[in-house]
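Grab your viewer and have a go before reading each solution.

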Amino acid sequence: MQKVTFAKGDGIGPEIMDATMKILKAANARIEWEEIQVGEQVYLSGNTSGIDKSAWESIRKNKIFLKAPITTPQGGGYKSLNVTMRKSLGLYANVRPCNSFHPFVRTKHPEMDVVVIRENEEDLYAGIEHQQTDEVVQCLKLITRPGCEKIIRYAFEYAKLYKRKKVSCFTKDNIMKHTDGLFHRIFKEIASEYPDIASDNWIIDIGAARLADTPEMFDVVVMPNLYGDVVSDITAQISGSVGLAGSSNIGASCAMFEAIHGSAPDIAGKNIANPSGLLRGAVMMLNHIGQQDVAEKITNAWACTIEEGIHTADIYKEEISKQLVGTVEFADAVIERLGKLPEHIKAASFAKDVKLNLPTYKRRPKAEKVLKGVDVFVDWDGGRVDDLAMKLKSLESDIKLSMITNRGVKVWPEGFEETFCTDHWRCRFEVENGHPAHKLSIPQALAKALEVGIDVIKTENLYEFDGVRGYSLGQGQ
Ligand code: NAD
């Protein structure tokens, strides 16, 4: 018996969770269930995290969590529970298999069989945001070496275990050379350790366009968090319905399983939601806990139901479907078919040993880190940039003003009149002689800024690591 924590969530959550659990029980899943409350009710009771202490205890004790979608109330300082959950429990790998069930579920892509593996903890989802001036807010994008190594290795190990042929990497490293550049670089490093698995790299915009147009070209696709969020919904949708795909969130000790879609308040309480996404999430859970026999039985019964044309409204099409059913009736149809094998859809045969070879992260020897200057961000709406530059000159020491940018574009020296400027200026001070900057130059420059009335909103130190520049140039520099 495996203890599993579950939550019925909000919107269509209770309906699809009841349907899923009914199927799992009928298939004799060896599970002892423990229910917790998360989501809207918890939020509205005044808990801005959407989850209370006892619920955390249950998840951390049982380590396996089946979660129906929840509604995050808009505004009011409510934090997304999904993001909190993934990060607090270290669920770094989000795995979303999206395949078509042609000709039983209508899709323009009958051959597609793509697994999107999304980094789940970092990137812009660090949620570090600040308003810095009247006109400018920022969100910090954090990409880390351990984060990249873990997710990319996970993708290759997943491909190896499930006999997938190729892993593709999606980034935007032509623009974000340091953050996405690190992801891509580590992808190349790790790919070279798996010579039997093909690998390729795509700039996210054209990669996503090709994936939406020709998903058959792709097999396993790995990417940073935000891109993965967007791309996996597109991938699920083009396979037939966002209501079909399940997802696992895997960490070193805990794992959470869910549907990829949200709580669909527009159809809640009407017995029309498709429970397949959550059910397929539950099948991933059964595989994870070593109950492949039950996972296969349910997947095959589900496939029989789909190929017999017993469909919920989201996938019902008059030409191909036989019977339009509600959530409850769909679950009953799956239960009736437990023990049957599908005739057309390939019968499920899951790997029995699903242990991936995921070494713990090893920190590398520290690089030689040399201070080369500082970017001083300034709130200023005082007119001509030359006047700002004049004022900034008084901050110089061994670090000299080398450039001013506005929204990343160089506006001094030799800026263009056409460049639109906000009240948020990045003023770069650098050593000119190649020597390291003096450690005190930066605090002294900031003290001087106070004296001359420059409103410094933040600074970023400029470093070289083992002689390699660790910061981007200005656009136009
Ligand atoms: P959604 O995924 O809930 O719904 C998008 C569309 O797909 C709707 O038209 C809906 O009716 C349809 N749909 C979704 N699931 C379906 C199913 N199983 N069967 C049939 N149709 C289905 O996305 P949304 O409307 O943008 O978000 C609604 C709420 O869900 C928001 O509060 C959001 O924060 C939350 N959400 C939660 C999760 C999660 O808990 N993991 C994920 C995404 C969104």
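**Exercise 1: a glutamate and its surroundings**

Leaving aside residues up to four places away in sequence, Glu-430 touches Lys-372, Gly-373, Asp-398, Ile-399, Lys-400, Ser-402, Leu-462, Tyr-471 and Gln-477. Bear in mind that this is a predicted model.

Task: work out which side chains make polar contacts with that of Glu-430, and find the nearest side chain of opposite charge.

Solution. 
- Step 1: Glu-430 sits in strand E18, which spans residues 424-431, and it's buried.
- Step 2: Glu-430 has none. The nearest side chain of opposite charge is Arg-428, at 4.9 Å, and a salt bridge needs the nitrogen and carboxyl oxygen within 4 Å.
- Step 3: check the polar contacts. The Glu-430 side chain has one of 2.7 Å with the side chain of Ser-402 and another of 3.4 Å with that of Tyr-471.

**Exercise 2: two sides of a helix**

Task: say which residues of helix H3 are buried, and why they end up on the same side of H3.

Solution. 
- Step 1: list the buried ones. Within H3 (residues 53-62), these are Ala-55, Trp-56, Ser-58, Ile-59 and Asn-62.
- Step 2: look down the axis. These residues span an arc of only 160 degrees around it, so they share one side of H3.
- Step 3: turn to the other side. Lys-53 and Arg-60 are exposed there.
- Step 4: find the cover. The buried residues of H3 are covered by elements including strands E1 (2-7), E2 (31-35) and E3 (64-67), plus helix H4 (81-88).
- Step 5: see what follows. After H3 comes Lys-63, with a positive phi near 70 degrees.

How values were computed: Residues are numbered from 1 along each chain as its sequence is written. This is a predicted model: local features need pLDDT of at least 70, side-chain atom pairs count only at pLDDT 80 or more; totals for chains, interfaces and linings use all residues. Side-chain values use heavy atoms; hydrogens and water are left out. Buried means under 20% relative accessible area, exposed over 50%, partly exposed in between (1.4 Å probe, protein chains only). Helices (H or I, at least four residues) and strands (E, at least two) are DSSP runs, numbered from the N terminus. The arc is that of the directions from the helix axis to the C-beta atoms. Contact means heavy atoms within 4.5 Å. Lys and Arg count as positive and Asp and Glu as negative; His and the chain ends are not counted. A polar contact is a pair of N or O atoms within 3.5 Å; within protein, one must be able to donate a hydrogen and the other to accept it, and residues adjacent in sequence count only if both atoms are side-chain atoms.
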